[in-house]
Amino acid sequence: MSADDLEIAGFVPFSAIDWPGKLSAVVFLQGCPWNCGYCQNPDLIESGPGVVPWDHVRETLEKRVGLLDGVVFSGGEPTLQPEIVDAVVEVKGMGFGAVLHTNGAYPDRLAELLPNLAWVGLDIKAPLSRYPEVTGSRRGGERAWASLDVLIASGVDYEVRITVDPTVLTLPDVEEIVAELARRGTTSPVLQEARAQGARPEFVAKLGDRRLSDVVPEDALPGIERRVNLTTSESAPGIREALSQRDDRHIGGNASAA
Ligand code: SF4
């Protein structure tokens, strides 16, 4: 088990949006244990052979030492693959900050990674009781909220993103999430819009015109930042097709808003 065995769905050698305020490369790992309706890259959910060798990532990064602040591991759910542990150690050893975008599905692996991480973006998707409706995972909520506790205890810099699924969540649900986050020590979460772009047709149909502001009106939850969920993947939807059409620039997608 080493970084060379990672199943990599895509690689973006330059991004200014995936580590706030920093320049990074982004590695998109294949596979996710959940199945959110709003997933923007459902092609990344199934585990399977990658399309970018780690060697390619390594060689590209070697040429960018001193030019980039960090390397972001995204997905899919990057902590699904145990090989990420070696990959994080490797990029840190090259002098990059190692960054993780995660849905928190694997708190034990998160704990293993944290000593070598510079920043974490953690998605909290629902109050505990409603996680199954959003993610299709019976125990996902327990795992995600446990990951939050692990993250807070680590002292590593982080951001919690609440991607609001308007087809499931209500204002009291979002208020419950924010209150629970505050109770555990997170006072500055960011609300993200669940968007139709890249999502499966059945979700798009269900979503209709509903938006974040229909669930959380502008005057509700004052002081909580709202963000359109812009990720690198949105500039490159359909990453696996994009990959097959390009020779030297591997495009990935953060299905996870994760
Ligand atoms: S949105 Fe994220 S957590 Fe949900 S299925 Fe897609 S990759 Fe997995």
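Student: What makes strand E4 largely enclosed by the rest of the structure?

Tutor: Six of its six residues are buried, so E4 is largely enclosed by the rest of the structure. Buried means under 20% relative accessible area, exposed means over 50%, and partly exposed lies in between (1.4 Å probe, protein chains only). This is a predicted model: local features need pLDDT of at least 70, side-chain atom pairs count only at pLDDT 80 or more, and totals for chains, interfaces and linings use all residues. Residues are numbered from 1 along each chain as its sequence is written, and side-chain values use heavy atoms, with hydrogens and water left out.

Student: How do you know that both faces of E4 are covered?

Tutor: Take the faces in turn. Gly97, Val99 and His101 lie on one side, and Ala98, Leu100 and Thr102 on the other; all are buried. In a regular strand the side chains alternate between the two faces of the sheet.

Student: What makes E4 a partner of E3?

Tutor: Two strands pair if DSSP finds at least two bridges between them. E3 and E4 have four bridges and run parallel, so they pass that rule. Val72 has Val99 in E4 as its bridge partner.

Student: Why do E2 and E3 count as a pair?

Tutor: Because five bridges join strand E2 (residues 24-29) to strand E3 (residues 70-74), where at least two are needed. These strands run parallel as well. Ala25 stands opposite Val71 in E3.

Student: Why are E1 and E8 called edge strands?

Tutor: Start with the order. The open sheet has eight strands, E1-E2-E3-E4-E5-E6-E7-E8, with mixed pairing. Strand E1 (8-15) and strand E8 (225-227) each have a single partner strand, so one side of each is left without a neighbour in the sheet. The twist averages 20 degrees from one strand to the next. Strands here are DSSP runs (E, at least two residues), helices are runs of H or I (at least four residues), and both are numbered from the N terminus.

Student: What does helix H2 touch in the sheet?

Tutor: Helix H2 (residues 84-93) packs on the sheet and touches E2, E3 and E4. Contact means heavy atoms within 4.5 Å. The direction of H2 makes about 165 degrees with that of E3. Axes are lines fitted to C-alpha atoms, for helices over the stretch in contact, and angles run from 0 to 180 degrees between N-to-C directions.

Student: Why is Asn103 called buried?

Tutor: Because its relative accessible area is 1%, and the limit is under 20%. Asn103 lies in the loop between strand E4 (97-102) and helix H3 (107-113). The Asn103 side chain reaches the backbone nitrogen of Ala105 at 2.8 Å.

Student: How far apart are Gly140 and Asn103 in sequence and in space?

Tutor: They are 37 residues apart in sequence and 9.0 Å apart in space, C-alpha to C-alpha. Gly140 belongs to helix H5 (residues 140-154). At 0% relative accessibility, Gly140 counts as buried. Leaving aside residues up to four places away in sequence, Gly140 touches Trp34 and Tyr131.

Student: What makes Glu218 and Arg226 a salt bridge?

Tutor: A salt bridge is a side-chain nitrogen of Lys or Arg within 4 Å of a carboxyl oxygen of Asp or Glu. The closest N and O atoms of Glu218 and Arg226 are 3.9 Å apart, so the pair qualifies. Glu218 is exposed at 58%, while Arg226 is partly exposed at 25%. By this rule the count comes to 14 salt bridges.

Student: Where do Glu180 and Arg183 lie?

Tutor: Both are in helix H6 (residues 171-184), three residues apart, about one turn of the helix. Arg183 counts as exposed at 62%.

Student: Why is Arg139 called partly exposed?

Tutor: Because its relative accessible area is 40%, between the two cut-offs. Arg139 meets Glu142 in a salt bridge (3.1 Å, N to O). Glu142 is partly exposed too, at 42%.

Terms used. A polar contact is a pair of N or O atoms within 3.5 Å; within protein, one must be able to donate a hydrogen and the other to accept it, and residues adjacent in sequence count only if both atoms are side-chain atoms.
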